[in-house]
Amino acid sequence: MESSLHKKPFLKPKRKSILKQKWLYFMMLLPLTSLIIWNYIPMYGIIISFKDYSPAFGIMDSPWVGFAHFERFFNAFYFWDVIINTLRISLYSLLVGIPLPIILALMFNELRRKKYKSLAQTISYIPNFISIVIVVGMVTFFTSPVDGVINTVIQYFGGTPIDFVGSAKLFPHVFVWSGIWQTVGWGTLIYTAAMSGIPQDQYEAAYLEGATRLQCIRHITIPAIMPTIVICAILATGSVMSVGFEKVLLMQNDANLATSEVLSTYMYKSGILNAEYSFSAAVGLFNNLINFIVLYLVNKFAQKFSETSLW
């Protein structure tokens with residue numbers, strides 16, 4: 001009897017709250033249904049990583065092979081080359097791609113004339129709306145060793161042409177910095193929005209005390225946006241093993257293959273071109289597991305040393 005009496009006060013407010021907000025829960029049905037259909041139901045296809053999948057037999061009737069595909073990948077002579085190439089480009093992108101949007105957002109925040117500030121922000125956003133195919137075409141046009149703009153300037157000053165895209169040594173630099181040019185402006189949006197929430201009276205009080213602009217950035221702006229920086233850094237490191245497939249594939253050629261062959265392009269070649277669906281799925285599962293582990297560890301690190309984390 002006592003237990004039932006204790007339950008009623010606990011359940012009644014919850015029921016009332018759900019009924020009161022029923023239309024909000026109803027609005028959640030469509031995105032939740034889409035999430036389940038497109039993100040969770042297809043996950044059963046992961047089992048082909050442990051099978052010798054054949055379209056003739058289907059997923060369930062294909063023979064079970066256990067960890068054979070994983071062992072084949074781990075024992076392959078190209079395993080470490082692909083992993084190192086992926087990590088090289090990914091870590092390079094993180095080291096450059098995390099701080100630059102913050103620096104650019106701080107520069108925008110210091111512009112006092114709204115007209116120039118809006119113009120500068122708009123110009124920096126525009127490359128994000130250019131497709132990957134066009135960006136690669138622009139990179140090829142500017143870096144071509146025959147008639148590229150950069151090599152034309154080099155030759156004008158008496159230098160020898162450089163095949164930037166065709167060089168295995170230069171490929172990571174061309175890939176990363178062309179990606180920075182395309183996305184850095186768009187990456188400032190989150191930090192600009194975070195800075196807009198900083199009370200202006202903090203800056204006014206600091207200026208009255210004789211603080212310089214750099215001191216205001218260091219002691220007011222950066223601490224205020226630090227939670228945003230931490231969250232963005234965690235999310236970025238969570239995809240450390242995922243390098244942009246389309247751009248790498250479009251820029252890849254026989255000359256730069258030594259540094260441009262990454263996990264995503266290797267999965268495409270083995271899974272689609274060679275029709276090794278199970279092997280490709282095993283490589284993809286390995287890739288996603290590493291990303292999840294890195295995301296979990298970085299989030300734990302953020303929990304320990306800061307007050308901000310994903311969960």
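Predicted model: local features only at pLDDT ≥ 70, side-chain atom pairs only at ≥ 80, totals over all residues.
**Exercise 1. List the buried residues of helix 12 and name the helices they pack against.**

*Solution.* First, go along the helix and pick out Cys216, Ile217, Ile220, Thr221, Ile225, Ile229, Val230, Ile234 and Thr237, the buried residues of helix 12. Then look at what surrounds them: these buried residues pack against helix 5 (79–97), helix 6 (99–110), helix 10 (171–196), helix 11 (200–208) and helix 16 (277–305).

**Exercise 2. Decide whether Thr308 is buried or exposed, and find its contacts.**

*Solution.* Begin by locating Thr308 in the segment after helix 16. Its relative accessibility is 17%, so Thr308 counts as buried, the cut-off being under 20%. Now look for partners, leaving out residues up to four places away in sequence: Thr308 touches Pro227, Val230, Ile231, Ala302 and Gln303.

**Exercise 3. Classify the ring pair formed by Trp23 and Phe26.**

*Solution.* A pair of aromatic rings is described by the distance of the centres and the angle of the planes. In this model the count comes to 24 aromatic pairs. For Trp23 and Phe26, the centres are 5.9 Å apart and the planes stand at 85 degrees, so the pair is edge-to-face. Now check the positions: both residues lie in helix 2 (residues 22–40), three residues apart, about one turn of the helix. An α-helix has 3.6 residues a turn, so residues three or four places apart point the same way. Finally, check accessibility: Trp23 is exposed at 59%, and Phe26 is exposed at 51%.

**Exercise 4. Find the aromatic cluster that includes Phe279, and the charged groups that sit over rings.**

*Solution.* Follow the ring pairs, which link Phe73, Phe74, Phe77, Tyr78, Phe79, Trp80, Tyr266, Phe279 and Phe286 into a cluster. Then look over the face of Phe279, where Arg72 lies 3.9 Å from the ring centre. Elsewhere, the charged end of Lys247 sits over the ring of Phe175, 4.8 Å from its centre.

**Exercise 5. Identify the residues with the most contacts within the largest nonpolar core, and the elements that build this core.**

*Solution.* The largest nonpolar core has 20 residues, and Ile89, Phe175 and Met251 touch the most other members. Two or more residues come from each of helix 5, helix 6, helix 8 (132–143), helix 10 and helix 13 (245–251). Helix 10 gives the most, with six residues. Now zoom in on Ile89: beyond its neighbours within four places in sequence, Ile89 is in contact with Phe171, Pro172, Phe175, Val176, Val243, Thr259 and Val262. A second, separate core has 15 residues, including Phe73, Ile83, Leu263 and Phe286.

Key. Residues numbered from 1 in each chain as written. Heavy atoms only, no water. Phe/Tyr/Trp six-rings, centres within 6.5 Å; stacked < 30°, edge-to-face > 60°. Helix = DSSP H or I, 4+ residues; strand = E, 2+ residues; numbered from the N terminus. Buried < 20%, exposed > 50% of the residue type's maximum accessible area, 1.4 Å probe, protein only. Lys NZ or Arg CZ within 6 Å of the ring centre and 35° of its normal. Contact = heavy atoms within 4.5 Å. Core = buried A, V, L, I, M, F, W, Y, C linked by side-chain atoms within 4.5 Å.
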